[in-house]
Amino acid sequence: MKDTDHEKLAEIIKEINVAMMTTTDLAGKMHSRPMITVEFERSDHSVGTIWFFSKKESLKVHDIEEEKDVLLTYA
């Protein structure tokens, strides 16, 4: 992505603020839940990193530890 693409994406995310995060468990079952965006990072070392807060013991964290691919939907 070009810097202008990242800037446009950051503005869209800032306006919407809530994403649906979809994870997949080991059995292949998908789980979606709303997540509030804390930050869209655009530093030199991590362009496009999106930050969320969550309890470490949550199902979504467990799912992500087992299957790294997630889907974020902003609408």
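Colleague: Which residues line the largest pocket?

Modeller: The lining is made of Met-21, Met-35, Phe-52, Ser-54, Lys-55, Lys-56, Lys-60, Val-61, Ile-64, Lys-68, Val-70 and Leu-72. A pocket here is an open set of points on a 1 Å grid over the protein atoms alone, where a 1.4 Å probe fits, with protein on both sides within 12 Å along at least five of seven lines; lining residues have an atom within 4 Å of a point. Keep in mind that this is a predicted model: local features need pLDDT of at least 70, side-chain atom pairs count only at pLDDT 80 or more, and totals for chains, interfaces and linings use all residues. Residues are numbered from 1 along each chain as its sequence is written, and side-chain values use heavy atoms, with hydrogens and water left out.

Colleague: How much space lies in the largest pocket?

Modeller: About 200 Å³, taken as the space filled by probe spheres set on the points, which are joined across faces, edges and corners.

Colleague: And which element gives the largest share of the lining?

Modeller: Helix 2, with three residues. Helices are DSSP runs of H or I, at least four residues, and strands are E runs of at least two, numbered from the N terminus.

Colleague: Is Lys-60 buried or exposed?

Modeller: Lys-60 counts as buried because its relative accessibility is 16%; the cut-off for buried is under 20% relative accessible area, with exposed over 50% and partly exposed in between (1.4 Å probe, protein chains only). Lys-60 is in helix 2, residues 59-66.

Colleague: What is Lys-60 in contact with?

Modeller: Leaving aside neighbours within four places in sequence, Lys-60 is in contact (heavy atoms within 4.5 Å) with Met-21, Thr-23, Arg-33, Met-35 and Ser-54.

Colleague: New topic: which way do the side chains of strand 2 point?

Modeller: They alternate along residues 30-36.

Colleague: How many bridges join strand 1 to strand 2?

Modeller: Seven, and the two strands run antiparallel. Ala-19 has Met-35 as its bridge partner in strand 2.

Colleague: Which residues make up the largest nonpolar core?

Modeller: Eight residues: Ala-10, Ile-13, Ala-19, Met-21, Met-35, Phe-40, Phe-52 and Tyr-74. Such a core is a set of buried Ala, Val, Leu, Ile, Met, Phe, Trp, Tyr and Cys residues joined through side-chain atoms within 4.5 Å. Helix 1 (3-16) and strand 1 (18-24) are the elements that give two or more residues to this core.

Conventions
Pairing = 2+ DSSP bridges.
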